[in-house]
Amino acid sequence: MARIGIFFGLVLCGLTVAAISVTTQKSFTQFVPMMFGIPLLFLGVVGLNPHRRLNATMVAMTLGLLGFACGAIRFLVLIADRAAGGIINPVSFRLVVAMTIVCLVFALLALVWVRKRRERLSGRTNLEPSDTTPDSENTSEQDALLAAPNPSVSAAPDHEKVSPASNASANPYQSPRVIENPTESR
């Protein structure tokens with residue numbers, strides 16, 4: 001979904017560049033797609049990080065819905081101006097329609113992606129107790145036996161048994177000491 005967000009952000013920015021390059025008559029409406037495209041592009045880049053993907057997609061979906069709402073409102077205002085006899089810039093009108101459609105398509109794609117992801121995650125972690133196991137006490141004993149290794153069982157002979165390290169460091173993330181070979185020269 002992150003790449004799709006980047007693509008739609010670039011499309012919105014491209015709409016602005018195309019509208020500016022087509023006509024010499026400028027209006028503030030021509031810059032609105034870029035105002036939505038740049039944050040959408042940024043959220044797509046943030047979404048490339050797997051840990052932030054869902055949050056970035058949710059914010060991007062909200063931004064897409066906001067872009068759709070703003071575009072629809074501006075579309076209605078332009079239609080009202082046209083009906084009242086006013087002159088509207090046809091490039092701005094087409095740009096508003098294109099932005100509205102692009103934001104709606106992106107918001108719908110993001111909504112589908114979020115729903116599928118939530119279904120996939122809820123299917124992976126089943127929080128409801130299952131009633132299909134006939135002997136739940138027996139399985140919990142088996143799970144307890146499988147969870148902790150038995151230190152008395154060893155494949156090594158009695159004289160080669162491995163004992164736990166007594167000088168183990170308290171920090172498990174610390175690098176182990178390098179054993180220096182006294183015969184090596186530096």
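**Close-up 1. Contact between helix 1 and helix 2 in the predicted model.** From helix 1 (residues 2-22), A2, G5, I6, F8, G9, L10, L12, C13, L15, T16 and V17 meet P33, M34, F36, G37, I38, L40, L41, G44 and V45 of helix 2 (residues 32-46); contact means heavy atoms within 4.5 Å, and helices are DSSP runs (H or I, at least four residues) numbered from the N terminus. The axes, lines fitted to C-alpha atoms over the stretch in contact with angles from 0 to 180 degrees between N-to-C directions, come within 7 Å and cross at roughly 155°. Helix 1 and helix 2 are therefore roughly antiparallel (angles over 145 degrees).

Close-up 2. Beyond its neighbours within four places in sequence, F68 is in contact with T100, C103 and L104.

Close-up 3. Residues up to four places away in sequence aside, T100 touches F68, G71 and A72. The T100 side chain reaches the backbone oxygen of G71 at 3.4 Å, and a polar atom of that side chain lies 2.7 Å from the backbone oxygen of V96.

**Notes.** Residues are numbered from 1 along each chain as its sequence is written. In this predicted model, local features need pLDDT of at least 70 and side-chain atom pairs count only at pLDDT 80 or more, whereas totals for chains, interfaces and linings use all residues; side-chain values use heavy atoms, leaving out hydrogens and water.

Key
Helices (H or I, at least four residues) and strands (E, at least two) are DSSP runs, numbered from the N terminus. Angles under 35 degrees count as roughly parallel, over 145 as roughly antiparallel, 65 to 115 as roughly perpendicular and the rest as oblique. A polar contact is a pair of N or O atoms within 3.5 Å; within protein, one must be able to donate a hydrogen and the other to accept it, and residues adjacent in sequence count only if both atoms are side-chain atoms.
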